[in-house]
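Visitor: I am new to this structure. Please take me through one part of it at close range, and then show me what lies around that part.

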Amino acid sequence: MEKKSGRAARYALLTALALVLSWLEAALPLPAAPPGVKLGLANLTAVFALYRLSLRDAASISLTRVLLVSLTFGNAYSLAYSLAGGALSLAVMALLKKTGKFSIVGVSVAGGVGHNVGQILVAMGVLGTARLAWYLPALLVSGVLAGAAIGAAGGLVVRRVRL
Amino acid sequence: MQKDRKKAALHDLLLAAGVLLAAGVLSLLLRPGGGGAWAVVSVDGQEIARYRLDQDREETIGQGDYNILRIENGAAAVTEANCGDRTCVVMGPISREGETIVCLPHRLLIRVEGGEASGVDAVS
């Protein structure tokens, strides 16, 4: 019983944190960032959950966040982009983490890149054109940078926060 | 332990370098061409209009969900839109062949194409 309620509380806490981070990012966009480029602050919770809880927990927290954020700030299409990005990102991170060959920064870099690639793949499907590949280079670079930043922050948080 | 961490850092670096290299190669392959002649507008992958870049004009695309396209001095830009993120507004202006503006919430794509801009406007 104790364990179950503790788990529910952790979920709620991390999901709420993810929502706040999403909101913060929407309210305070990066200055001078190219269009469509985001830091993905909320992925900090995904990285944290992946390292300190489990893949299943990370996936359900991300899913809840994406659903709630799309309901409040987005539409059906932004939901599809976010779901694809989140799913590919988590899958790649879980895979890389499992190899044991990368640090949290490397895992997060792969997650950032996976996120952007997943989003552009769905966008290509929705718009019915492969021409969006034109944005891929910028998104790859921004995925690496954002992933590295989130990974570095995630490393600190995973080490220091007891939950 | 120390050795493992160094190894992991090396792998991290190689991973990042690999992705950056791929981005570099891709951007070389996909770099925009010379000056384009047309701004081609498509929604949901269907071309709905094309406008000459050498004639200044302003068009409202869509009704409920709208984007305002302005063509000025040989370049196309979205100057106003009621999508949430307004990424399309920040993206412009575009004038070289292959350059693209997208509005993901409205499934709108504006792309510069080359070719001779001769004759009348082919607006459908």
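Guide: Let us start at a turn in chain B of this predicted model. Strands E4(B) and E5(B) form a hairpin, with two residues between them. In that turn sits B:Asn73, whose phi is positive, at about 50 degrees.

E4(B) and E5(B) run antiparallel, and six bridges join them. B:Ile68 has B:Glu80 as its bridge partner in E5(B).

E4(B) also has a partner in E3(B). E4 covers residues 67–72 of chain B, and five bridges join E3(B) to this strand. Again the two run antiparallel. B:Glu59 is bridged to B:Leu69 in E4(B). B:Ile61 is bridged to B:Asn67, also in E4(B).

E3(B) and E4(B) form a hairpin of their own, with five residues between them. The turn holds B:Gly62, which has a positive phi of about 85 degrees.

Three strands form an open sheet in the order E3-E4-E5 of chain B, with antiparallel pairing. Strand E3 (57–61) and strand E5 (75–81) of chain B stand at the edges. Each has a single partner strand, so one side of each is left without a neighbour in the sheet. Neighbouring strands here are turned by 25 degrees against each other on average, direction ignored. What holds such strands together? Strands of a sheet pair through backbone hydrogen bonds, either parallel or antiparallel.

B:Thr60 is found in strand E3 of chain B. Which residues does B:Thr60 contact, leaving aside its neighbours within four places in sequence? They are B:Tyr66, B:Asn67 and B:Ile68. Two of these names have come up already: B:Asn67 is the bridge partner of B:Ile61, and B:Ile68 is bridged to B:Glu80. B:Thr60 can also be set against B:Arg70, ten residues away in sequence. Their C-alpha atoms are 8.7 Å apart in space.

Chain A and chain B bury about 2400 Å² between them. Of that area, 74% is on carbon and sulfur atoms. The contact takes 28 residues from chain A and 31 residues from chain B. The count of salt bridges between the two chains is zero. Polar contacts do occur across this interface: seven residue pairs, both residues at pLDDT 80 or more.

On the side of chain A that touches chain B, the elements giving two or more residues are helix H4 (76–99), helix H5 (104–127) and helix H6 (136–160) of chain A. H5(A) gives the largest share, eight residues. By type, the residues on this side of chain A divide into 21 nonpolar, five polar and two charged.

A:Arg7 lies in helix H1 (residues 2–27) of chain A, and A:Asp57 lies in helix H3 (residues 55–73) of chain A, so the pair ties together parts that are 50 residues apart in sequence.

Key
Residues are numbered from 1 along each chain as its sequence is written. Chains are lettered from A and ligands numbered from 1 in the order in which they are written. This is a predicted model: local features need pLDDT of at least 70, side-chain atom pairs count only at pLDDT 80 or more; totals for chains, interfaces and linings use all residues. Side-chain values use heavy atoms; hydrogens and water are left out. Two strands pair if DSSP finds at least two bridges between them. Helices (H or I, at least four residues) and strands (E, at least two) are DSSP runs, numbered from the N terminus. Axes are lines fitted to C-alpha atoms, for helices over the stretch in contact, and angles run from 0 to 180 degrees between N-to-C directions. Contact means heavy atoms within 4.5 Å. Buried area is the accessible area (1.4 Å probe) that two parts lose on being put together, summed over both. A salt bridge is a side-chain nitrogen of Lys or Arg within 4 Å of a carboxyl oxygen of Asp or Glu. A polar contact is a pair of N or O atoms within 3.5 Å; within protein, one must be able to donate a hydrogen and the other to accept it, and residues adjacent in sequence count only if both atoms are side-chain atoms. Ala, Val, Leu, Ile, Met, Phe, Trp, Tyr, Cys and Pro count as nonpolar, Asp, Glu, Lys and Arg as charged, and the others, Gly among them, as polar.
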